[in-house]
Amino acid sequence: MSSFDLLKCTPEERKCILAKYDKTPENIREDVQTVKNWIKSQPHLPEVPEDGLIERFLLLNKFRIEIAKRKIDGYYSIRSLIPEFYDKDPNGEVIRELTKMIYYIPLPKLTEEHYRVVIVKPRKPITESIDAVTYMAHSLNMAELRVRHDYYHREAHIYDLEGVRITNMTKFTPSLIKKIGLVLEKVFTNSIGGLHFINVPNFVDSFIILLKNTLQPKVASRVNVHKGTESLYDMFSKDILPKDYGGTEMSLDELSEEWMKFFQNHVDLFEKLSKMRVNEELRQKPLFDEDELFGIQGNFKQLNVD
């Protein structure tokens with residue numbers, strides 16, 4: 001299955017997405033060239049990426065060129081700051097074992113609002129052996145492919161918490177959450193169209209209340225707790241949802257297998273990325289404040305929800 005099948009975006013859908021930003025293929029090419037010229041002027045950056053990657057960073061940042069430049073710099077720079085997020089081979093045993101325990105699956109079809117829906121769900125009750133850093137590494141490996149192949153307006157996440165134990169939540173320590181926040185702020189800032197929780201254990205209720213209180217009001221209003229799968233149909237059509245949730249799309253097992261094949265088709269990319277680092281000695285202007293990695297300012301309010 002190709003990227004066109006795993007991450008569908010028809011020409012008409014792409015046209016509608018670009019219309020939201022008053023963009024055309026012609027002025028996008030101009031924006032891409034502007035960013036590319038800037039990258040060439042930055043001696044610390046390890047490469048001039050392909051046009052498609054630049055365009056997607058522009059899209060993720062609503063075609064705001066200066067912000068996209070900073071995010072591309074962060075994309076390369078953060079690998080040295082948080083190497084544990086970037087040293088897990090997506091085709092290696094560690095990630096393979098993780099994917100036997102948990103699904104992290106972008107669904108193939110876009111919603112009518114041109115959202116990409118991502119489902120996160122345990123395959124079975126999660127044991128304490130799951131590693132939160134490995135989970136984050138897997139999500140970033142997925143992001144590597146999506147920033148090259150995906151095209152969407154916003155993201156909507158469905159978190160199915162059936163089988164989640166309280167010990168799993170404690171794996172996300174304050175230090176780890178700070179590092180995740182740094183990646184969200186400096187690299188992959190997505191516009192959140194919705195956060196949907198289903199099969200929520202009682203001990204998670206207080207976490208969701210805390211989450212809503214820390215989010216911007218606009219995105220807090222997009223947090224939905226569902227008592228069952230039926231109410232998901234009010235948000236997502238059945239042709240988008242997998243068979244696991246009464247939809248007509250491929251099952252999560254089938255989609256997971258296709259994603260593993262997709263990763264296998266990108267061995268060379270991940271081999272290149274594993275060695276790619278910036279040369280900080282050649283950097284003209286610092287990207288991170290001195291205390292950012294260990295004293296990150298802000299919280300979930302840094303999510304882009306416009």
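Predicted model: local features only at pLDDT ≥ 70, side-chain atom pairs only at ≥ 80, totals over all residues.
Student: What makes the 91 residues a nonpolar core?

Tutor: A nonpolar core requires buried residues of types such as Val, Phe and Trp, joined through side-chain atoms within 4.5 Å. The 91 residues form the largest such set, in which F85, V183, F188 and W259 touch the most other members. Helix α7 (residues 132-149) supplies the largest share, 8 residues.

Student: Why is this core said to lie between domain 1 and domain 2?

Tutor: Domain 1 (11-85 + 277-285) and domain 2 (93-265) both contribute residues to the core, and therefore it lies between them.

Student: Which residues does F85 touch, leaving aside those up to four places away in sequence?

Tutor: Contact calls for heavy atoms within 4.5 Å. With those sequence neighbours left out, F85 touches V133, M136, A137, L140, L176, K179, I180 and V183.

Student: Why are β1 and β5 placed at the edges of the sheet?

Tutor: The open sheet has 5 strands in the order β1-β2-β3-β4-β5, with mixed pairing. β1 (102-106) and β5 (223-226) each have a single partner strand, so one side of each lacks a neighbour in the sheet. From one strand to the next, the twist averages 15°.

Student: How do you know that β1 and β2 pair?

Tutor: Pairing requires at least two bridges. β1 and β2 (residues 115-122) share 5 bridges in the antiparallel sense, and Y103 stands opposite K121 in β2.

Student: What does α7 touch on the sheet?

Tutor: α7 touches β1, β2 and β3 (154-160), and its direction makes about 20° with that of β1. Helix α12 (residues 252-264) touches β1 and β2, at about 75° to the direction of β1.

Notes
Residues numbered from 1 in each chain as written. Heavy atoms only, no water. Buried < 20%, exposed > 50% of the residue type's maximum accessible area, 1.4 Å probe, protein only. Helix = DSSP H or I, 4+ residues; strand = E, 2+ residues; numbered from the N terminus. Domains from an automatic or database assignment. Axes fitted to C-alpha atoms, helices over the stretch in contact; angles between N-to-C directions.
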